[in-house]
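Dear colleague,

I am handing over the structure below, and after it I set out what was found. Please keep it open beside this message while you read.

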Amino acid sequence: MTTSPLVRQCLALLLRSKNSSTPLPPATAAQLHALLLTSGHIHYDSLCLLFRSYCACGRPLGAHNLLAQMPQPPPVSFCNTLLRSYTDLGFHREALVLYSRMRAFDHLTFPFAAKACGGLRLCRHGRAVHCRALTAGLGGDAYVQNTLVSMYTRCREVAAAEAVFGAMRSRTMVSWNIVIGGCVKNGCPERALEVFEAMVGSGVGIDRATAVSVLPACAQTKDLRTGRAVHRLAEGRGLGNYVAVKNALIDMYGKCGSLEDARRVFDDDKFDKDVVSWTAMIGAYVLNDRAGKALALGCEMLMSSEARPNAVTMAYLLSACASLPPGKHAKCTHTLCIRLGLQSDVIVETALVDSYAKCGHMKMIEMIVEKGSQRTETWNAAISGYTHREQEKKAIELFKRMIAESVRPDSATMASVLPAYAEFADLVQAKNIHCFLLTQGFLGSAEIATGLIDVYAKAGNLEVTWELFQCLPEKDVVAWTTIIAGYGMHGHARTAILLYDTMVEKGVKPNNITMASLLYACSHAGMIDEGLCLFDDIRNVHGLMPNAEHYSCLIDMLGRAGRIEEAYRLIEDMPFKPTASAWGVLLGACVLHENVEFGEIAAKHLVELEPENTGNYVLLGKVYASAGRWADVQDLQRMMEERDLHKDPGSSAVDAKSELC
């Protein structure tokens, strides 16, 4: 068959593209394929050229069809080329299907197959690839080992990754970087730092990837010393001017609380700041409670930088707005989000809800939920906002509306709404949410099951509380604290202490909340000696530092027992400035035992700390009245009138069962 000039040109073009670093456009490759097909010049050589062209231009499915048309079994190199094309484009499932049909392999096959397993988080399939590589005698190949380490870290099998890494005879810089980065991504930053120290100690140099991998570990562990050492190493090797390294340094210094160092890196003129640089510095200010500086830097970014804020930038700025009352900054930033076209981004939308909740602008939350994207994350943020603003009824109503509008709740939804059910303390509602969790399969999560235990405990049903606690497969400190607090708040202090003893025997270390719950239980049960022993345990047994809540519980305990002077001395001996809560507890005890002397002292401190709190004046008035000092009562009332202070009216809750009520 004679070859026409047009066909010869097609074949020449395919040959040139084979040897060129620039692939043909996908449409051109398809046109050449069609021309060769219609002209009858599809043979093995042209199929090979078309195959390589399809792989190079990102059309692996077209290449796969050609592979099936080849008249003889294709060489391993062809399958490897197609595997690479699939994995580069993220078509991991198709890559594994191709790999499963291969009967011949070389040192390039297994890395691509391992990459596909890692992309799909299929650890079992990854182990099969590993076994086949060992059987083929390629288990010691450095390239194969590196990809296996990467695959295991992506599958969250850090121990397996380290086992492969430990068996490597020649570890390259890439090998060390993969292990360090894998440890960080799997929540093992301490181990990442250990591997980094071993890497430096063995004389292996560092590159950009090393710095970018290890600096987040320093940030997570707040290891400023190692972070500065990495910075010096990077500068010494000439890596300090790379933007990715600079950004990682800013982030590390910010999370370690060293704002001066972060700003010094940011202000360096030797690198071009991108959006990540600005965002990292703004985030550093937000994380260190410098909301004003964060907003000022955001304005500077808009005015003087070519970098355009992204969703993460706006989320940080909205977080800064949340700590600056009265919320006008949040509305301005919301407007900026709309102008930038970011208001529908899930990160921005949830940040907006969170910011408005912290500022108390609940109507804006309703508007965002009403007109927003109707994503689960947005509903979760709104429910959480209502819960934290102590609007439990609104949180529960919004949750029920979410279900009614067919927005599927997730575990984060339940973690947000369960505290609202707990504070509502309604046994009927507790049973309703229990049924929902059961039918939707949420009780498999220990966190959610613990939240339900808290709901029943606060509703007063300790029998179901105990049954749910017993059903937990693993009981962590949060679960133990919840059950202890549940028994303690209902007057079962001795049971709470028995649970505490069992918890310690099982090797679970209590936290500050556990100890506060126990002290609260002892205080309300009048168990002074037990409470004092528990207070000593905080520091001497568990190595914790007593906080303001612990001292308030102990003061309340002593005050209820009439040991007013001892409670006062405890306040004076506190290792930090006494809080309004501590003085308030002492004043309440003085009212109970009609102690005017210490009541006046406590009231004086409370008026300095909370001059607008009418409850403090009312309590002091009760102390004066109990001692018959009516002139002082009248003086106190005149002082309240002069300061325009009014006692809040009392209220009570009634559970109305009928619609008429």
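Over residues 657–661 the pLDDT stays under 50, pLDDT being the predictor's confidence in each residue, from 0 to 100. For residues 657–661 the model has 2 contacts beyond four places in sequence, where contact means heavy atoms within 4.5 Å. For the chain, the mean pLDDT is 87, and 90% of its residues reach 70 or more.

This is a predicted model, in which local features need pLDDT of at least 70 and side-chain atom pairs count only at pLDDT 80 or more, while totals for chains, interfaces and linings use all residues. Residues are numbered from 1 along each chain as its sequence is written, and side-chain values use heavy atoms, with hydrogens and water left out.

The chain holds 38 helices and 0 strands; these are DSSP runs numbered from the N terminus, helices being H or I with at least four residues and strands being E with at least two. The chain is more spread out than a compact globule, because its radius of gyration is 33 Å, well over the 26 Å that the globule rule gives for 661 residues. That radius is taken over C-alpha atoms, and the globule rule is 2.2 Å times the number of residues to the power 0.38. Along the principal axes, the C-alpha atoms fill a box of roughly 125 × 65 × 55 Å.

Next come some helix pairs. Helix H21 (residues 346–359) packs with helix H22 (residues 362–371) at an angle of about 160°, their axes being 8 Å apart; axes are lines fitted to C-alpha atoms, for helices over the stretch in contact, and angles run from 0 to 180 degrees between N-to-C directions. That makes H21 roughly antiparallel to H22, since angles under 35 degrees count as roughly parallel, over 145 as roughly antiparallel, 65 to 115 as roughly perpendicular and the rest as oblique. In this pair, Glu349, Leu352, Val353, Tyr356 and Ala357 of H21 meet Met362, Met364, Ile365 and Ile368 of H22. These contact residues divide into 8 nonpolar, no polar and 1 charged, where Ala, Val, Leu, Ile, Met, Phe, Trp, Tyr, Cys and Pro count as nonpolar, Asp, Glu, Lys and Arg as charged, and the others, Gly among them, as polar.

The axes of helix H31 (residues 512–525) and helix H33 (residues 548–560) come within 9 Å and cross at roughly 10°, which means that H31 is roughly parallel to H33. The residues of their contact divide into 7 nonpolar, 4 polar and 3 charged; those from H31 include Met515 and Leu519, and those from H33 include Cys553 and Met557.
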